[in-house]
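Hi,

Here is the structure I promised to pass on.

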Amino acid sequence: MLDGLTKRFGDLQVVDHLSLEIHDREFFVLLGPSGCGKTTVLRMMAGLDAPTSGTITLGDTVVNHLDPRRRDVAMVFQSYALYPHMTVAENIEAPLLGRGGSRREGRAARARQVREAAEILGLGELLGRKPAALSGGQRQRVALARALVRRPQLFLMDEPLSNLDAKLRTRTRLDLVDLWRQLDATIVFVTHDQVEAMTMATRIAVMADGILHQVGAPTDVYDDPDDLFAATFLGSPPINVLEVADLEPSTNGLGPLPTGTTQLGVRPEHLRTVSEDAPAGELALLRGTVRGREALGHEVHVVARVGARDVVARQPAHDATPAPGSPIILGFHPSDALAFDRDGARVR
Amino acid sequence: MLLPTLVLLGVFAYFPLTRLVHMGLWRPNRFGTRETWVGPANFVEVLTGEDFRTGVWISARYVLLTVPIGLLLGLVLALAAHRRLKGIRVFQTVFSSTIASSAAVSAVVFYSLINPKIGRFGDVSWLSLADPDTALRGVALSSIWQNLGLTFVIVLAALQTVPDELLEAAALDGFGSVRRTTKVVLPLISPALAFLGVVLMVSAFQSFAQVELLTGGGPAGSTETLVFKIFERQSPGSISEGAVMSIGMFAITFVMTMVQLTLTSRKVHYGGR
């Protein structure tokens with residue numbers, strides 16, 4: 001649990017009065033663009049950086065002034081931070097030795113724990129190798145094995161997937177969730193990748209500029225964002241933001257909007273092309289010209305120029321779309337639109 | 001592309017070496033006007049002779065007196081100065097400053113400190129330059145001081161290549177600062193330490209200026225290192241002996257370097273597999 005956590009580096013406010021409660025056995029994702037302070041939050045939880053103010057509580061203990069090694073947390077670094085001069089087995093064993101385990105537990109017990117951890121991550125064959133002789137994915141798994149060998153209360157992960165290629169990253173997402181279930185562990189995972197957040201998290205916290213924007217289950221944040229930042233950060237392609245003032249009153253068919261609404265957010269999957277003569281029904285309409293289309297195989301993103309901005313609509317792969325330059329009408333259900341005020345806060 | 005290198009090596013390494021062999025095999029008369037063949041027997045005679053052996057022994061003791069202490073001291077200073085503190089640059093500059101001083105400067109400094117007659121610490125008995133049993137220590141001290149800057153700078157540079165994240169990982173793994181140093185930092189900077197070990201050993205084995213300036217080989221020849229003995233054999237009558245000693249020293253230095261590099265390459269981590 002974090003309460004009023006603040007971190008300043010000189011004049012720079014990196015984390016601003018952040019309060020969060022992370023539950024037991026949660027896969028909690030801190031999501032935000034680079035430089036938003038999420039890694040700093042993680043480092044404060046690990047004890048690598050001291051908070052300027054606020055408290056960090058693990059279980060029932062305030063750990064602010066505890067050494068990293070007394071906090072019972074393990075961290076997976078973005079660069080993995082494997083010891084290059086040690087073998088895989090020695091790397092995994094390090095956390096057991098570090099806590100005076102050499103005296104308390106025997107060599108055999110340690111070897112067993114290392115073997116178990118290596119087995120869970122499929123590293124059995126590689127125990128004798130040095131990190132330099134491993135692929136990126138293997139190094140990442142060694143870093144995970146080193147973190148879990150001690151069975152800590154809490155796992156902290158700092159963008160552990162960002163150094164993997166796209167294909168491996170997709171597979172590792174599933175593996176990580178499996179691992180989390182198997183270990184019955186609490187994970188705090190930092191990433192700037194909304195896909196990772198959406199696919200793995202039980203809850204996510206969206207952060208920007210050191211400020212917490214929203215906490216919730218991934219689909220809740222996606223469907224029901226509290227502000228424009230959370231709305232735009234989740235979803236790819238991102239949500240379309242329309243100025244209410246730009247919409248033509250005669251064609252928008254929106255009906256009454258909540259008071260204070262100045263902007264509307266419409267997700268690309270909620271837009272569809274409407275032909276000129278077909279009845280619009282209850283749809284609100286946007287008129288524009290086609291700028292281009294991006295065929296992805298399984299779907300097509302149609303980019304249309306509406307007023308002064310581009311609007312993206314997701315369409316099934318084989319739907320006919322007008323050629324670039326030709327007029328297009330896009331329609332959406334008013335109930336699918338999200339309303340925001342001048343400051344970007346949600347209006348309901 | 002290789003030509004300049006070959007020319008330089010030829011002029012400054014291979015030619016002098018063959019010249020030395022020649023000088024060892026032919027002995028000039030006293031005036032240097034005629035040479036007589038003395039042959040390989042000259043090598044055997046000189047290399048097994050009393051002078052050569054005491055020279056090697058004194059040089060070896062000098063290496064043992066200077067290298068381990070110098071290396072350890074430089075390492076400790078570098079570890080102490082490798083932190084992010086205000087004003088640490090001042091210390092880093094001070095510690096590395098001896099790099100800018102020559103052997104002559106360091107000898108003069110120590111001459112004024114430990115000379116038995118005028119030195120401030122001239123009466124410290126365990127490094128007295130007047131006593132044959134302790135004079136080598138006094139010379140060694142000045143050499144340690146002079147090399148400290150180099151050791152410090154190289155170790156500090158090596159420390160700066162150790163990623164912060166590794167030390168943070170070690171902290172999370174529960175290693176205290178002592179074990180972080182011995183288990184993570186030292187293995188990672190071991191290439192620099194091995195390099196320093198070789199360089200310091202070779203340079204100590206070859207040191208001359210300090211000896212010449214501080215003791216002139218005395219008292220009673222107790223600080224006559226091998227190079228000093230070679231230096232004394234420049235007259236036409238003895239240059240042949242000096243040449244053989246030089247070749248002997250070259251061989252010893254070569255073997256010493258090889259042995260040390262082989263030993264350390266097994267222990268040293270060069271970031272590879």
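This is a predicted model: local features need pLDDT of at least 70, side-chain atom pairs count only at pLDDT 80 or more; totals for chains, interfaces and linings use all residues.

**Chain A against chain B**

I started with the place where the two chains meet. Chain A puts 26 residues into the contact and chain B puts in 20. Together they bury about 1900 Å², with carbon and sulfur atoms giving 60% of that. As for charged pairs, there are 2 salt bridges between chain A and chain B. One of them links A:R43 to B:E168, where the closest N and O atoms are 2.8 Å apart. You'll also find 7 residue pairs in polar contact between chain A and chain B, counting pairs with both residues at pLDDT 80 or more.

Which parts of chain A supply at least two residues each to the side that touches chain B? They are α1 (38–46), β6 (73–76) and α2 (88–104). Of the elements on that side, α2(A) gives the most, with 6 residues. Sorted by class, the side of chain A that touches chain B has 16 nonpolar, 4 polar and 6 charged residues.

**The two domains of chain A**

Domain 1 brings 7 residues to the contact between them, and domain 2 brings 6. The area buried between these domains of chain A is about 600 Å², 61% of it on carbon and sulfur atoms.

On the domain 1 side, α7 (218–223) and α8 (228–233) of chain A each supply at least two residues. The largest share, 3 residues, comes from α8(A). By class, that side has 4 nonpolar, 1 polar and 2 charged residues.

**A sheet in chain A**

Last, there's an open sheet of 5 strands in chain A, in the order β13-β17-β14-β15-β16, with antiparallel pairing. Its edges are β13 (272–273) and β16 (309–316), each pairing on one side only. β13(A) is joined to β17 (327–332) by 2 bridges, and A:R272 has A:G331 in β17(A) as its bridge partner.

Cheers

Methods:
Residues are numbered from 1 along each chain as its sequence is written. Chains are lettered from A and ligands numbered from 1 in the order in which they are written. Side-chain values use heavy atoms; hydrogens and water are left out. Two strands pair if DSSP finds at least two bridges between them. Helices (H or I, at least four residues) and strands (E, at least two) are DSSP runs, numbered from the N terminus. Contact means heavy atoms within 4.5 Å. Buried area is the accessible area (1.4 Å probe) that two parts lose on being put together, summed over both. A salt bridge is a side-chain nitrogen of Lys or Arg within 4 Å of a carboxyl oxygen of Asp or Glu. A polar contact is a pair of N or O atoms within 3.5 Å; within protein, one must be able to donate a hydrogen and the other to accept it, and residues adjacent in sequence count only if both atoms are side-chain atoms. Ala, Val, Leu, Ile, Met, Phe, Trp, Tyr, Cys and Pro count as nonpolar, Asp, Glu, Lys and Arg as charged, and the others, Gly among them, as polar.
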